[in-house]
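Subject: Structure handover

Hello,

Here is the structure for your work. Please open it first, then read the notes under it.

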Amino acid sequence: RHTERKKSRKNKRKQTNKKIPNESCDELPQCVERIEPASAFGSVMDAHRVPQVTITPDGGGFSREMKQEDWEEGEAVDGSLRRKLSTSSVSSTGSSAVESEDDLLSDNESKSKGIITLEPLVDSGETKPWWKLKTIVHWPFSAAQRRKLNWVQLAGHKGNFKAADEGSILKKFSENEVQCFERLRGDALLPFVPLYHGVVEKDGESFIRMDDLLTAFDLPNVMDCKMGVRTYLEEELVRARERPKPREDLYKKMVEVDSEGPTAQEHSQCGVTKPRYMQWRESLSSSNTMGFRIDGIKKCDGTCRTDFKKTRSEQDIIESFKDFVGDNVNIIQSYLSRLMEIQQALKTSAFFKQHEVIGSSLLFIHDHTGNAQVWMIDFGKTTALPEGHVLKHDVPWREGNREDGYLLGLQNLIRTMEALSSE
Ligand SMILES: O=P(O)(O)O[C@H]1[C@H](O)[C@@H](OP(=O)(O)O)[C@H](OP(=O)(O)O)[C@@H](OP(=O)(O)O)[C@H]1O
Ligand SMILES: Nc1ncnc2c1ncn2[C@@H]1O[C@H](COP(=O)(O)OP(=O)(O)O)[C@@H](O)[C@H]1O
């Protein structure tokens, strides 16, 4: 019965692309301290306080350095990456907040962190029609195109991406994200989002096909910055208040960073709600104060870091950026120009005005040739506002106003790059 339950859980997860929490729990000390976010880049950020957040100043994180044995000669499809192997973790795309709060079942999944091997979609040889298209897609891919792709996935959910034909990748379907890509057609932001090639459906699973942003690079350096002062939807907050569902997996992630993070009550129930976890993450990092945070950095030397959970101060951010770009002034200038172009496009974008942009990232990519680009990715939780409503994106969030602070984050990213360029 347990197996059946687990099976049906897995099927359900496949269909909804959501993550399911862990089951076990450790006894931990109960000690909570409240601290204020550090001031950063001016007073406007200080306005972004999120209620009910209890955090402590110390914690850990994850850091991994690629070892020699991790590298092999390989069959990189795009020729732009050397190789790699390992990955650790998992989760899923577009996982709905509602589902997360409702689901207390467990599995041992976590985030993707770094360099991975993308599996191609395998043709099972079934005779029934296996695909449906909303737009164009070239399928089946040729045998040569069905090779594994060595790729970088710095954040998000492991298992969400698959290799496609050259120059593109497949991301697990999320209705929300598809709608965003559709609405972005013809918008001022189009030049800054990966080109969308439609939806591919295979063996009951759907995927979004989009350009692989790494193909233009030779041994790329990649940084994922999650944008916004808030990384959860307002509806998640409402749901958690009405029907709080403490999650053990989030509790464990919190304790891993700071054993004193959870409140006494959270310790005793071995669980924290999703918004509570997300608020804690935002306060501990630079999200609340700077409107963005670093989620991961992979450098061309093979090192890959995702231990930025406590990177919050302006100085720490600058140091991390410095480590990422090195002292190459041209790269810094290219990043700066691109960020300003994005800022300009956001001012005129109808899409941006009409959407609450939550959990979206700016992906920074550069290589030794001097090529440096910034792209807007991950629209899994970007939501259209009701007819007639618009957002400013640069004012403090108060529950109900749906503001996300995206422009505050962008402004601070620009300031960070400027600080680097003036050094
Ligand atoms: O970064 P850590 O501390 O691991 O926390 C993760 C990230 O915030 C994920 O966002 P992203 O996918 O943008 O990285 C989020 O998924 P959602 O984007 O679905 O909210 C996860 O929520 P759950 O999937 O509910 O666990 C949350 O546990
Ligand atoms: N189009 C793309 N091209 C290259 N890399 C990408 C692309 N989209 C996502 N990535 C990589 O995958 C990671 C996770 O992507 P994201 O869309 O945020 O997934 P999730 O929805 O699971 O959070 C990013 O940090 C980046 O490293």
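The notes below cover the surroundings of a ligand and then some helix packing.

Two points on conventions. This is a predicted model, where local features need pLDDT of at least 70, side-chain atom pairs count only at pLDDT 80 or more, and totals for chains, interfaces and linings use all residues. Residues are numbered from 1 along each chain as its sequence is written, chains are lettered from A and ligands numbered from 1 in the order in which they are written, and side-chain values use heavy atoms, with hydrogens and water left out.

Ligand 2

Ligand 2 has 22 residues around it (a heavy atom within 4 Å). His 157, Lys 171, Leu 213, Asp 224 and Asp 378 come nearest. Polar contacts are pairs of N or O atoms within 3.5 Å. In the side chain of Asp 224, an N or O atom is 2.5 Å from an oxygen atom of ligand 2. For a polar side-chain atom of Asp 378, the distance to a ligand 2 oxygen is 2.9 Å. Val 152 uses a backbone N or O atom, 3.5 Å from an oxygen atom of the ligand.

Helix packing

Helices are DSSP runs (H or I, at least four residues), numbered from the N terminus. Axes are lines fitted to C-alpha atoms over the stretch in contact, and angles run from 0 to 180 degrees between N-to-C directions. Contact means heavy atoms within 4.5 Å.

H5 (residues 248-257) and H7 (residues 274-284): the axes come within 10 Å and cross at roughly 25°. That makes H5 roughly parallel to H7 (angles under 35 degrees). Leu 250, Lys 253, Met 254 and Val 257 of H5 meet Lys 274, Arg 276, Tyr 277, Trp 280 and Leu 284 of H7. By class, this contact has 6 nonpolar, no polar and 3 charged residues. Nonpolar covers Ala, Val, Leu, Ile, Met, Phe, Trp, Tyr, Cys and Pro; charged covers Asp, Glu, Lys and Arg; the others, Gly among them, are polar.

H4 (residues 234-242) and H7: the axes come within 8 Å and cross at roughly 130°. Glu 236, Leu 237 and Ala 240 of H4 touch Lys 274, Pro 275 and Gln 279 of H7. The classes here are 3 nonpolar, 1 polar and 2 charged.

H10 (residues 329-348) and H12 (residues 406-421): the angle is about 160°, with the axes 10 Å apart. The pair is therefore roughly antiparallel (angles over 145 degrees). The contact residues include Leu 336 and Leu 339 of H10, and Leu 410 and Ile 414 of H12. They divide into 14 nonpolar, 4 polar and 1 charged.

Best wishes

Definitions and conventions: Helices (H or I, at least four residues) and strands (E, at least two) are DSSP runs, numbered from the N terminus. Angles under 35 degrees count as roughly parallel, over 145 as roughly antiparallel, 65 to 115 as roughly perpendicular and the rest as oblique. A polar contact is a pair of N or O atoms within 3.5 Å; within protein, one must be able to donate a hydrogen and the other to accept it, and residues adjacent in sequence count only if both atoms are side-chain atoms.
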